[in-house]
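Reader: I'd like to go through some labels on this model and hear what backs each one.

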Amino acid sequence: ANVDRVVIGRWMGATQLGYYTLCLGLANLVTSQLSLRLYQVAFPAFSEVQGDPQRLKAGFLKLLKYLVLCATPLSLLFICVPHDLLYVFYGERWVQAAPVLRVLAIAGILQAVRVGIDPILMGCGRSKAVFGLNAIQFLVLAMGAYYLSQTGNLAWTAFAVVISTSVACGLGLILVMKHIGLGMKEVGQQLAPTLISLGFLIVTLVVIQSLRIYLFEATETSLLWLLVVCIASVLVYGGAIMRFDASMGHELATILKLKKIQPSTDQ
């Protein structure tokens with residue numbers, strides 16, 4: 001997991017390593033917060049139903065949908081407004097890392113999908129498959145980081161993470177889908193409402209950024225514009241989810257309205 005940072009630190013220097021480490025942490029912000037907690041729940045859940053393909057299929061599709069729902073919007077913000085995010089939260093000297101954040105944000109989306117793959121493989125007794133995926137990802141990452149670091153361009157070097165994650169994620173999805181008898185059509189149908197909502201979000205971000213080019217140029221507007229982008233994104237994305245996936249919208253509303261659970265009188 002650290003081989004890319006070892007390569008960058010060795011051949012590109014401490015400054016580039018600092019930029020890279022910050023951007024990698026931001027790109028994996030959602031998955032790093034969810035992965036351990038999710039695994040503690042998903043692994044035993046999938047283990048319990050490993051003999052029931054229908055429940056495995058339903059559970060994996062729902063898990064995949066929510067991972068994409070949670071991780072992708074933030075990654076899109078990193079892709080569209082990295083300069084503003086870095087300027088507001090970290091200062092002007094970190095803005096030059098924006099191209100790196102854009103690249104690693106793509107890997108962040110793929111990594112979110114990968115987070116849903118390991119628990120179901122482990123729960124179905126496919127631990128060797130998980131080890132194999134990790135080994136392949138390590139080898140591709142190590143070779144990619146080394147060769148791309150020779151360009152001297154940190155953003156290009158970051159593509160090693162995108163490539164290695166894509167390979168591991170793609171192979172993992174093939175293994176899971178084959179094991180539980182899941183077809184691409186079913187995956188597409190399950191993800192379609194979320195992808196449509198993400199399409200609306202992308203259009204919103206593009207329109208807002210286009211308006212900014214004509215209205216503002218000074219960096220002093222970064223904080224204000226970042227607030228505008230975030231508020232508009234939440235409204236558009238949330239509204240689209242409620243419109244195109246009523247069941248998910250209802251579930252999210254239920255979660256947000258949960259009251260504190262009263263302790264039972266029974267021990």
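Author: Here are the labels, each set against its cut-off. This is a predicted model, where local features need pLDDT of at least 70, side-chain atom pairs count only at pLDDT 80 or more, and totals for chains, interfaces and linings use all residues. Residues are numbered from 1 along each chain as its sequence is written, and side-chain values use heavy atoms, with hydrogens and water left out.

Reader: Why is Gly51 called exposed?

Author: Exposed means over 50% relative accessible area, buried under 20%, and partly exposed in between, with a 1.4 Å probe and protein chains only. Gly51 comes in at 74%, so exposed it is. You'll find Gly51 in the loop between α3 (29-48) and α4 (53-80); helices here are DSSP runs of H or I, at least four residues, numbered from the N terminus.

Reader: And what makes Cys23 count as buried?

Author: Its relative accessibility is 0%, so Cys23 counts as buried.

Reader: How do you know that Cys23 is in no disulfide?

Author: A disulfide needs a pair of cysteine sulfur atoms within 2.5 Å. For Cys23, the nearest cysteine sulfur belongs to Cys80 and is 16 Å away. Cys80 is in no disulfide either: the nearest sulfur there, from Cys230, is 12 Å away. Searching the whole structure turns up zero disulfides.

Reader: What is the kink in α4, and where does it lie?

Author: The bend at a residue is the angle between axes fitted to the seven residues ending there and the seven starting there. At Thr72, shortly before the proline Pro73, there is a kink of about 30 degrees.

Notes
Helices (H or I, at least four residues) and strands (E, at least two) are DSSP runs, numbered from the N terminus.
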